[in-house]
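The entries follow in the order in which I made them.

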Amino acid sequence: MKIAVLSRNPKLYSTRRLIEAAKARGHEVVVLDVLRCYMNVTANRPEVHYNGHEITGIDAVIPRIGASVTFYGTAVLRQFEMMGTFPLNESVAISRSRDKLRSLQLMSRKGVDMPVTGFAHKPGDTKDLLKMVGGTPVVIKLLEGTQGIGVVLAETPKAAESVVEAFMGLKANILIQEFIKEAGGADIRCFVVGDKVVAAMKRQGAEGEFRSNLHRGGSATLTKLTAKERATAIKAAKTMGLNVAGVDLLRSARGPVVMEVNSSPGLEGIEKATSLDIASMQIEFIEKHMEKNVNPATLTKTRGKG
Ligand code: ADP
Ligand code: MG
């Protein structure tokens with residue numbers, strides 16, 4: 001097969017591992033920087049060009065689209081889909097998962113448990129907003145944040161009101177969430193490929209830190225999932241329509257609750273914590289589904305050659 005990895009930087013750990021795994025399994029690989037792809041949209045023959053050449057004969061695409069290039073990146077991926085290329089994750093599923101509110105609303109509709117969550121932009125009544133999510137302590141998040149930046153724990157109503165008002169002043173969309181204290185500053189990253197959780201790790205925040213982000217000094221260890229945790233992670237990925245997903249769970253007193261679903265989950269942390277070859281599992285997934293010629297996320301025929 002000929003596989004294209006959509007990635008801005010071939011030197012990134014995840015990209016490197018996917019290239020390595022695809023080559024080891026006998027495939028040809030090209031890495032394309034989505035921002036350098038240009039396209040035409042016509043009725044019959046959509047094309048993608050790169051550095052003066054048309055890109056042809058790609059059987060499958062592995063999108064590794066960073067949050068900052070979601071808009072253009074998903075447009076390029078969509079173009080490949082129009083050309084009949086099999087996407088490891090579909091553009092529409094990636095767009096869905098990048099919108100935190102939409103994701104939580106979809107999961108709520110499917111009965112996937114999550115922390116009680118409120119959304120607000122310019123709440124006219126901060127006290128009522130707090131009451132709606134069960135009162136303090138609450139976690140307040142900037143919708144656009146990543147790596148734990150813009151995630152604040154407010155333990156008292158006064159603190160919560162101040163933070164909400166400060167964020168309001170920035171004209172940012174915020175999310176206000178029940179604090180799952182019993183998670184103990186840890187979360188669980190479940191790596192889903194197809195209909196399986198193929199790896200899981202527990203990320204524990206540094207001493208005195210409720211945020212478990214590895215970028216904030218958290219550490220990762222192996223963990224054994226319960227059947228309920230597995231089922232929740234799989235259901236979350238399915239709800240988003242993602243074949244490959246990093247589902248982040250918190251262990252709450254009422255069972256696993258989903259915090260977020262990542263459509264381009266990084267490989268470095270999880271491969272190092274588990275010693276598993278998750279890159280190869282993704283290539284294998286592509287191989288299997290090219291054989292069947294069906295994209296399981298949508299149950300539509302792909303036109304790839306197999
Ligand atoms: P980011 O997208 O910036 O990583 P997250 O929503 O994942 O933001 O939050 C960062 C970390 O904060 C999580 O990994 C988790 O450890 C902690 N956290 C987030 N929300 C909650 C919550 N509702 N209850 C308890 N801990 C939380
Ligand atoms: Mg996170």
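I took accessible areas from the Shrake-Rupley method with a 1.4 Å probe, and for residues only the protein chains shown count as cover. On that basis the protein chain exposes about 14,600 Å², of which carbon and sulfur atoms supply 53%.

I noted that this is a predicted model, in which local features need pLDDT of at least 70 and side-chain atom pairs count only at pLDDT 80 or more, while totals for chains, interfaces and linings use all residues. Residues are numbered from 1 along each chain as its sequence is written, and side-chain values use heavy atoms, with hydrogens and water left out.

I checked the dimensions next: the C-alpha atoms fill a box of roughly 60 × 40 × 35 Å along the principal axes. Buried residues (under 20% relative accessible area, 1.4 Å probe, protein chains only) make up 50% of the 306 residues.

I then looked for nonpolar cores, meaning sets of buried Ala, Val, Leu, Ile, Met, Phe, Trp, Tyr and Cys residues joined through side-chain atoms within 4.5 Å. In the largest, which has 25 residues, I62, F191, L267 and I286 touch the most other members. Its largest share, six residues, comes from α9, a helix (a DSSP run of H or I, at least four residues) that spans 278–292.

Technical notes
Chains are lettered from A and ligands numbered from 1 in the order in which they are written. Helices (H or I, at least four residues) and strands (E, at least two) are DSSP runs, numbered from the N terminus.
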